[in-house]
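Have the sequence and the 3D view ready, and let's take a friendly walk through this protein together.

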Amino acid sequence: MDRLMIAPSILSADFLDMGHGATLIKESGADWVHVDVMDGHFVPNITMGVPLVKALRPRTDLTIDAHLMVSNPLRQIPWFAGAGADIITFHLEAVTEDEAHEAVRMIHDAGAKAGASIKPKTDVSAIRPFLDELDMVLVMSVEPGFSGQSFIDGSLERIAAVKSMANRIGHDILIQVDGGIGLQNIREVAGAGADCVVCGNAFFKAGDPLSFPARMREAASGK
């Protein structure tokens, strides 16, 4: 990618004014609206779901990027596709190998792009059987479930490993990274192979969120 994509997580926006959060993301020059869906089962927290995606769809022309941290993605994928999500990412830890292939097929049949995510303790080799089918791999650099966590050591090597696997099979896939990313480490994250980064608190709690994506891209390029 010539241009690092920024996907602010609307989980860190003001829950009483999500419309303003979506507008802020758009006006900042960010690329995607990242929606963290947590079910209280696959992860300990409960956040947002289909109604928010339905409400966001007419409010933004940006890509809506739904990250399903749920224990039953095969059931929920059609809901989020129908609500207007452009990218739907499920967790490999929540499905069997056959179910993962089925999840990708379901997402593509619904007209969305398919992503698969792995937790920090999941070996990156778990992604290999699905790599040529996917549009995106999401490498979690924190344990999923809560915002505001610190970037886990060893995540850079995991990003680079996914990039290397994709290069070996000649598959042009997006690599997204989520967790503990900000101006202090974006250059290393991008250098390891990330095409898109998710930023929650780093974006919404920045002194000037409107300039944050541009500053992240500059920092990623070493300017």
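This is a predicted model: local features need pLDDT of at least 70, side-chain atom pairs count only at pLDDT 80 or more; totals for chains, interfaces and linings use all residues.

Start with the strands. Eight of them form an open sheet, and their order is E1-E8-E7-E6-E5-E4-E3-E2. The pairing in this sheet is parallel. Which strands sit at the edges? They are E1 and E2 (32-38), each of which pairs on one side only. From one strand to the next, the twist averages 25 degrees. As background, strands of a sheet pair through backbone hydrogen bonds, either parallel or antiparallel.

**A look at strand E1**

Now zoom in on E1, which covers residues 5-8. Its partner is E8 (residues 196-199), and the two pair in the parallel sense over four bridges. Two of the facing positions are listed here.

**The nonpolar cores**

In soluble globular proteins, nonpolar side chains tend to be buried together. Here the largest nonpolar core has 74 residues. Ile 10, Val 35 and Val 197 have the most contacts inside this core. Helix H4 (residues 97-109) gives the most to it, with five residues. Another core, of eight residues, lies apart from the largest one, and among its members are Ala 7, Trp 32, Cys 196 and Val 198.

Beyond its neighbours within four places in sequence, Ile 10 is in contact with several residues, including Phe 15, Met 18, Val 35, Leu 52 and Phe 204.

**A residue in helix H3**

Finally, find Leu 74 in helix H3 (residues 73-83). Why does Leu 74 count as partly exposed? Because its relative accessibility is 25%, and a residue is called buried only under 20% and exposed only over 50%. Leaving aside neighbours within four places in sequence, Leu 74 is in contact with Glu 99, Glu 102, Ala 103 and Met 106. The C-alpha atoms of Leu 74 and Lys 113 are separated by 15 Å, and these two residues are 39 residues apart along the chain.

Key. Residues are numbered from 1 along each chain as its sequence is written. Side-chain values use heavy atoms; hydrogens and water are left out. Buried means under 20% relative accessible area, exposed over 50%, partly exposed in between (1.4 Å probe, protein chains only). Two strands pair if DSSP finds at least two bridges between them. Contact means heavy atoms within 4.5 Å. Axes are lines fitted to C-alpha atoms, for helices over the stretch in contact, and angles run from 0 to 180 degrees between N-to-C directions. A nonpolar core is a set of buried Ala, Val, Leu, Ile, Met, Phe, Trp, Tyr and Cys residues joined through side-chain atoms within 4.5 Å.
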